[in-house]
Structure formats: structure tokens, C-alpha cells
Amino acid sequence: MAKSGHKDISRIDQPLKRTHGWYVRVRFGGNTQSKFFSDEVCGGRGSALERAIRYRNQTENELGKPRTDQVVVVNNNRSNTGVIGVQRRVKKSSGKDGQVLTSDVFEVTWQAGREIKGKTSVSIKKYGEAEAFRRACAIRRKKEQQMYGSAVAGKWADTLSKLVAA
């Protein structure tokens with residue numbers, strides 16, 4: 001978190017250049033929006049910070065970014081499904097006789113804060129490929145709503161339509 005106490009808002013004080021104010025930079029989904037709020041133009045340090053906060057909140061809303069102080073990940077090249085927090089995996093477990101059993105699943109992961117991590121899986125054998133993926137994405141969206149207050153716009157619908165068509 002920035003020294004301002006507000007995510008994506010930084011204080012800039014450069015006495016030699018007579019520059020004092022708050023710098024806002026919002027990044028989401030490959031887009032970056034930034035703006036500087038001068039203390040002098042805005043009528044003081046406090047009012048410049050208020051305007052910077054309003055701008056940040058408005059910009060996040062326009063970009064579709066949830067208002068949270070947590071890091072929000074929307075693109076991840078390591079995802080094999082194209083949906084953040086949903087992976088297709090082979091789950092291994094041991095049977096009663098010690099034999100290793102495997103099952104195909106969609107694994108859903110989430111992190112609510114620094115310490116709280118969660119993971120669950122949806123069986124492909126039980127529900128079928130498309131339905132298991134749909135259920136996994138629904139779980140992920142529900143967890144995003146709990147973490148961020150709203151679901152993060154993602155590519156799950158595109159991926160689901162490709163699965164159904166295949």
C-alpha cells in the first residue's frame with residue numbers, strides 16, 4: 001500500500017520543481033490510466049487527495065476493476081483454462097489397498113487476504129467436461145464476490161462455449 005494509505009495513489013513532493021500533489025495510477029486488464037492532482041490547483045493537500053480518491057474510484061469503475069485494496073489478477077498465462085483460479089488437473093489419491101487413483105477435475109483456487117487460501121475441485125467424470133467447468137467458474141465467481149464485492153470480468157464464457165462446441 002502506498003504511503004498515502006490508499007491503493008494506487010502516491011504522494012509526489014519535488015521542492016526544486018515546485019511540484020506537490022497526488023499521483024493516481026490505475027492498471028487493469030492491460031489498460032493504464034493515470035492523473036496528477038496538484039495541491040495548488042486543487043486548493044490544498046487534503047482536497048487534492050479527495051479528488052485523487054474520487055478519480056481512482058471512478059476510473060476503476062469504468063475499467064471494470066473491483067474496488068479493493070487487494071491485488072486483482074485478471075490475466076495469467078499459466079492458466080490452462082483461460083480463467084483465473086480455475087485449472088484442469090489430474091487429482092491423485094490413494095485407495096484402500098494403497099493403490100494410486102487418479103481423476104480429472106477442474107480445481108478452483110482463491111486467496112482472500114494474505115493468510116486465507118482456499119481450494120476445491122469439481123469432478124469431470126461426475127458432471128462432464130462442460131458442466132464441471134461451468135460449476136468451477138460459478139464457484140470462482142462466488143469467491144470473487146466475497147473477496148472483492150463483485151465478480152471480476154473474465155473469459156470464462158468464451159472458454160465454456162469452446163468446450164461445449166468441442
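The request and a reply on that part follow. In which order do the strands of the 4-5-6 region's open sheet run, and in which sense do they pair?

Reply: First, the ground rules. This is a predicted model, in which local features need pLDDT of at least 70, side-chain atom pairs count only at pLDDT 80 or more, and totals for chains, interfaces and linings use all residues. Residues are numbered from 1 along each chain as its sequence is written, and side-chain values use heavy atoms, with hydrogens and water left out.

Now the sheet. It is open, has three strands in the order 4-5-6, and pairs antiparallel. Strands here are DSSP runs of E with at least two residues; helices are runs of H or I with at least four; both are numbered from the N terminus. Two strands pair if DSSP finds at least two bridges between them. Strand 4 (86-94) and strand 6 (116-123) are the edges; each has a single partner strand, so one side of each has no neighbour in the sheet. From one strand to the next, the twist averages 45°. Angles are taken between N-to-C directions and run from 0 to 180 degrees; the axes are lines fitted to C-alpha atoms, for helices over the stretch in contact.

Take the pairings in turn. Nine bridges hold strand 4 against strand 5 in the antiparallel sense. Within that pairing, Lys92 faces Thr102 of strand 5. These two strands make a hairpin with five residues between them, and Gly98 in the turn has a positive phi of about 85°. Val105 has Ser123 of strand 6 as its bridge partner. Glu107 stands opposite Ser121, again in strand 6. In a regular strand, side chains alternate between the two faces of the sheet.

Next, the packing. The largest nonpolar core has twelve residues, including Phe106, Val108, Trp110, Val122, Ala132, Phe133 and Met147. Such a core is a set of buried Ala, Val, Leu, Ile, Met, Phe, Trp, Tyr and Cys residues joined through side-chain atoms within 4.5 Å. Buried means under 20% relative accessible area, exposed means over 50%, and partly exposed lies in between, with a 1.4 Å probe and protein chains only. Strand 5 and helix 4 (129-148) each give at least two residues to this core. Helix 4 has the largest share, with five residues. Ala132 shows some of the detail: leaving out residues up to four places away in sequence, it touches Phe106, Val122, Ser123, Ile124 and Tyr127. Contact means heavy atoms within 4.5 Å.

The charged end of Arg88 sits over the Phe106 ring, 6.0 Å from its centre. The test asks for NZ of Lys or CZ of Arg within 6 Å of the ring centre and within 35 degrees of the ring normal. Arg88 also touches Asn80, as do Val86 and Gln87, once neighbours within four places in sequence are set aside. Asn80 belongs to the loop between helix 2 and strand 4. Its relative accessible area is 46%, so Asn80 counts as partly exposed.

Now the setting. The chain has five helices and six strands. Along the sequence they follow the pattern β-β-β-α-α-β-β-β-α-α-α. Another open sheet has three strands in the order 1-2-3, with antiparallel pairing. Its twist averages 25° from one strand to the next. Strand 1 joins strand 2 (residues 19-28) through six antiparallel bridges. Helix 2 (residues 45-63) lies across strand 1, strand 2 and strand 3, at about 15° to strand 2.

This region also has a charge over a ring: Arg11 lies over the face of Trp22, at 4.9 Å from the ring centre. Asp39, in helix 1 (residues 39-42), has Arg11 and Trp22 among its contacts. At 13% relative accessibility, Asp39 is buried.

Two totals close the view. Of the 166 residues in the chain, 31% are buried. Among contacts between residues at least 6 apart in sequence, 39% join residues at least 24 apart.
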